[in-house]
Amino acid sequence: MKIDVLLGLQWGDEGKGKVVDVLTPGYDIIARFQGGPNAGHTLEFEGEKYVLRSIPSGIFQGGKTNIVGNGVVLDPSLFKAEAEALAASGHDLTKRLLISKKAHLILPTHRILDAAYESAKGSSKIGTTGKGIGPTYTDKVSRNGLRVGDILHDFESKYKLAISRHEEILRQMNYQYDLQSIEKEWFEGIEFLKKFQLTDTDHFINEQLNEGKTVLAEGAQGTMLDVDFGSYPFVTSSSTICAGACTGLGVAPRKIGEVYGIFKAYCTRVGSGPFPTEIFDETGELMRKNGNEFGSVTGRPRRCGWIDLVALRYAIMLNGVTQLIMMKSDVMDNFDTIKACVAYEIDGIETENFPFEIIDGVKPIYVELPGWKTIMTKMQSEDEFPVEFNAYLSFLEESLGVNIKIVSVGPDRAQTIIRYTED
Ligand code: GDP
Ligand code: IMO
Ligand code: MG
């Protein structure tokens with residue numbers, strides 16, 4: 001079997017958690033392949049709401065196996081809090097969550113370093129989630145990291161060595177911090193982690209695929225936050241694109257099957273960095289209010305703007321998207337007209353390609369489409385879609401060259417419409 005991948009095409013928070021949960025019944029295994037607790041994946045069903053950070057979104061339906069892959073960075077204390085909260089609500093994961101021994105650990109000092117680097121950047125700060133993501137991936141690449149498998153042998157000495165390196169950096173930065181207050185909780189997290197199956201998930205996934213099992217890889221963040229292709233340096237530190245599923249799980253590129261690319265009917269971004277279609281007036285406020293655009297983890301207001309087809313086409317190209325999923329259609333219900341950015345203008349020249357110069361600011365060129373002015377949240381099938389909504393979908397499909405297979409009309413699991421489109 002091949003492994004399917006679901007990932008965000010914008011700046012994160014597209015609704016990945018919701019759709020992974022919806023698709024879970026069709027899979028045997030759900031696996032996270034990158035990122036860490038910087039993610040906040042929201043799921044709503046039967047009147048309950050859950051926000052997952054490090055644990056895959058496949059844990060609520062049908063006792064499936066879930067995997068934290070080698071590409072993920074794991075904070076033991078946050079993981080413990082997350083898993084305990086789930087256990088308290090009746091979802092004990094110890095038997096059906098596998099964690100890669102090769103996943104890197106977020107140390108308490110990584111979190112402190114994240115804050116120190118941000119503060120040193122002053123007004124050019126990235127606006128990270130403060131979870132230690134950048135420093136942990138930095139240590140991974142510079143070959144100084146500690147991995148989950150390390151906790152099983154002679155961990156104390158490896159930990160001390162890593163911490164002393166970090167403390168030296170913090171001393172040089174003259175940064176004040178309190179390590180002790182977070183260290184105790186962190187070590188409780190390490191002990192908690194030992195209750196789980198810490199294993200070679202790379203071998204496991206390949207064996208399962210060979211036996212005909214189905215696997216869905218769940219992306220975190222979004223393509224425009226990818227460390228290579230996003231709006232660098234205002235990006236996260238992992239490979240958020242489809243290729244990241246290969247390196248983050250240990251599957252060969254030819255084993256990739258469907259690639260589900262997920263996007264909002266508009267666009268949002270949290271943290272700093274370029275956002276060509278951002279809206280600063282009351283229309284942006286209305287999007288934020290209708291879409292409840294506040295960070296799932298940090299509560300930070302998300303910046304809002306029109307859909308950006310230049311960035312989306314780029315994301316589709318990088319990921320080899322085979323099916324599109326459009327989220328949060330209902331957020332635009334009361335808009336008279338809706339704009340879509342079809343090209344950028346740089347120094348008077350128009351381009352449809354996502355440029356390096358994004359960082360210096362580009363001028364978006366828009367087309368304007370009629371709004372649907374209909375309440376979408378109660379819709380059950382695409383037969384009920386208003387003409388203007390269908391026109392919006394057709395316009396997007398034509399501009400993007402890929403079919404939109406799923407349309408989401410509300411946060412609940414049930415508010416999801418699968419379309420009849422042909423491949
Ligand atoms: P993720 O990080 O990609 O999983 O997305 P988040 O969970 O951070 O943000 C998506 C937000 O939109 C969550 O609050 C979801 O409950 C909510 N959501 C998902 N789909 C829809 C939708 O179709 N309509 C509305 N109104 N909200 C949605
Ligand atoms: P999910 O999986 C939205 C953003 C941060 C910041 C930048 C770098 O919920 O879509 P980091 O802490 O990763 O070093 O921050 O990336 N960011 C996200 N934005 N959704 C996310 O995850 C994000 N994870 C990181 O706001 O701009
Ligand atoms: Mg999120």
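In the predicted model, helix H1 (16–23) and strand S3 (41–45) each contribute at least two residues to the shell around ligand 1. This shell comprises 20 residues, of which Lys16, Thr42, Ser296, Asp330 and Ser408 are the closest. Sorted by class, the shell around ligand 1 consists of four nonpolar, eight polar and eight charged residues.

Oxygen atoms of ligand 1 are approached by both backbone and side-chain atoms of the protein. A backbone N or O atom of lysine 16 is found 2.7 Å from an oxygen atom of ligand 1, and a backbone N or O atom of glutamate 14 is placed 3.1 Å from an oxygen atom of this ligand. From the side chain of lysine 328, an N or O atom lies 2.9 Å from an oxygen atom of ligand 1. The protein buries 94% of the 590 Å² that ligand 1 exposes when taken alone. The space that ligand 1 takes up is the second largest pocket.

For ligand 2, a backbone N or O atom of aspartate 13 is 2.7 Å from an oxygen atom of the ligand, while for glutamine 221 the distance from a backbone N or O atom to a ligand 2 oxygen atom is 2.8 Å. In the side chain of asparagine 38, an N or O atom lies 2.9 Å from an oxygen atom of ligand 2. On its own, ligand 2 has 550 Å² of accessible area, 98% of which the protein covers.

Key: Residues numbered from 1 in each chain as written. Chains lettered and ligands numbered in written order. Predicted model: local features only at pLDDT ≥ 70, side-chain atom pairs only at ≥ 80, totals over all residues. Heavy atoms only, no water. Near = heavy atom within 4 Å. Polar contact = N/O pair within 3.5 Å; in protein donor to acceptor, adjacent residues only side chain to side chain. Areas by Shrake-Rupley, 256 points an atom, 1.4 Å probe, with all protein chains shown as cover. 1 Å grid on protein atoms, 1.4 Å probe; cavity = no way out; pocket = protein on both sides within 12 Å on 5 of 7 lines; lining within 4 Å. Sits in = over half its atoms within 2 Å of the grid points. Helix = DSSP H or I, 4+ residues; strand = E, 2+ residues; numbered from the N terminus. Nonpolar A, V, L, I, M, F, W, Y, C, P; charged D, E, K, R; others polar.
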